[in-house]
Amino acid sequence: MSAVTSTAMTDDKPLLSVEHLTMRFGGLVANNDVSFVARAGEITALIGPNGAGKTTLFNCVTGFYTPTVGRLTLRHSDGKEFLLERMPGYRIAQQAGVARTFQNIRLFGGMSVLENLIVAQHNKLMRASGFAIAGLLGLPTYRAAENEALELAKYWLDRVKLTEFADWEAGNLPYGAQRRLEIARAMCTEPVLLCLDEPAAGLNPRESGDLAEILTFIRDARNPNGRQTGVLLIEHDMSVVMRISDHVVVLDYGRKISDGDPNSVKNDPAVIRAYLGEDEDADLPPEIAADLSVSAPAAQKGA
Ligand SMILES: Nc1ncnc2c1ncn2[C@@H]1O[C@H](COP(=O)(O)OP(=O)(O)OP(=O)(O)O)[C@@H](O)[C@H]1O
């Protein structure tokens, strides 16, 4: 099958395959023989109590850590494969097309909202500038690339409802808007895999609703360049997870304890036990209880 015709619709191979991932820090096993797949055009949520190993797994996928054991394969729709565990982080971002956001917001606070989205396209612009020459001379190829970068920035500004804030300093945006800008910035790199680490943290219910809308848009739409993006989502807000995820993977103490669609996962006794701990008579936080269909309300393990 040619590169052009090989799309996610016809190719049932997963976008990301995590196989037997183990990550040790000395004696601590943060990820223990974890395997699962994430598909293009789907939202795969990674959930589990605090300390379960979710961020560590993200750090392995994005090249911040080199796994102790395991294979992480990313497949583009044209059939090209990348073994992420062998690649440095900058190549995972640039060549494999993996973008991420962090638990704590990492914007360029002193730059404008629009500038944050242009800077995200730095690699593309550097290539178009012939690493400065064409840019300095103002050659048409570079000007075309600059216009394209601006159009893409405007496209994502509009999608995350920040057009009217384009000239604001990013650091002065309200918190929820900064979270949306981070997602727009990641999307300006035109990723095939978008990894979001707790994007709903600190958002109010209206903002969480807006976030859910943005994430389903990203899942369902193709980027302006025709690529489809798969989303890997770490999230504690179960109302967001259960509403928008196609597939949920649950970790506990570094191991995968459940994997399936939201309904099967929320009714899985192993998941309920992980959130309740050994004492099944204990109370869950009301929002988790509601979303896991458990009657009782208290402490999330380790929270
Ligand atoms: N660089 C590191 N060095 C040593 N231990 C680490 C390191 N990174 C993570 N850990 C440990 O690995 C375990 C898993 O941590 P991780 O941050 O992946 O969990 P998590 O599921 O993302 O938790 P949370 O939901 O609280 O963010 C924890 O015990 C943590 O202390």
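1. Basis. This is a predicted model: local features need pLDDT of at least 70, side-chain atom pairs count only at pLDDT 80 or more, and totals for chains, interfaces and linings use all residues. Residues are numbered from 1 along each chain as its sequence is written.

2. Overall make-up. The chain holds 12 helices and 10 strands. These are DSSP runs numbered from the N terminus, helices being H or I of at least four residues and strands E of at least two. Of the 303 residues in the chain, 40% are buried. Buried means 20 or more other C-beta atoms within 10 Å of the residue's own; exposed means 12 or fewer, partly exposed lies in between, and C-beta atoms are placed from the backbone.

3. Ligand shell. Phe-25, Leu-28, Ala-30, Gly-48, Asn-50, Gly-51, Ala-52, Gly-53, Lys-54, Thr-55 and Thr-56 surround the ligand. A residue is near a molecule if its C-beta atom, placed from the backbone, lies within 6 Å of it. Strand S2 (28-38) and helix H1 (54-61) each give at least two shell residues. H1 supplies the largest share, three residues.

4. The shell has four nonpolar residues, six polar and one charged. Here Ala, Val, Leu, Ile, Met, Phe, Trp, Tyr, Cys and Pro count as nonpolar; Asp, Glu, Lys and Arg count as charged; the others, Gly among them, are polar.

5. Strand S9. Six of the six residues of S9 (residues 247-252) are buried, so the strand is largely enclosed by the rest of the structure. His-247, Val-249 and Leu-251 point one way. Val-248, Val-250 and Asp-252 point the other way. In a regular strand the side chains alternate between the two faces of the sheet.

6. Partners of S9. Two strands pair if DSSP finds at least two bridges between them. S9 pairs with S3 (residues 43-47) in the parallel sense, over four bridges. Ile-47 sits opposite Val-250 there. S9 and S10 (residues 255-260) run antiparallel, joined by five bridges. Here Val-249 stands opposite Asp-259.

7. The hairpin. Which residue in the turn between S9 and S10 has a positive phi? Tyr-253 does, at about 50°. The hairpin has two residues between its strands.

8. Asp-220. Asp-220 belongs to helix H8 (residues 205-220). Is Asp-220 buried or exposed? Asp-220 is exposed, with 11 other C-beta atoms within 10 Å. From Asp-220 to Ala-153 is 67 residues in sequence and 19 Å in space, C-alpha to C-alpha.
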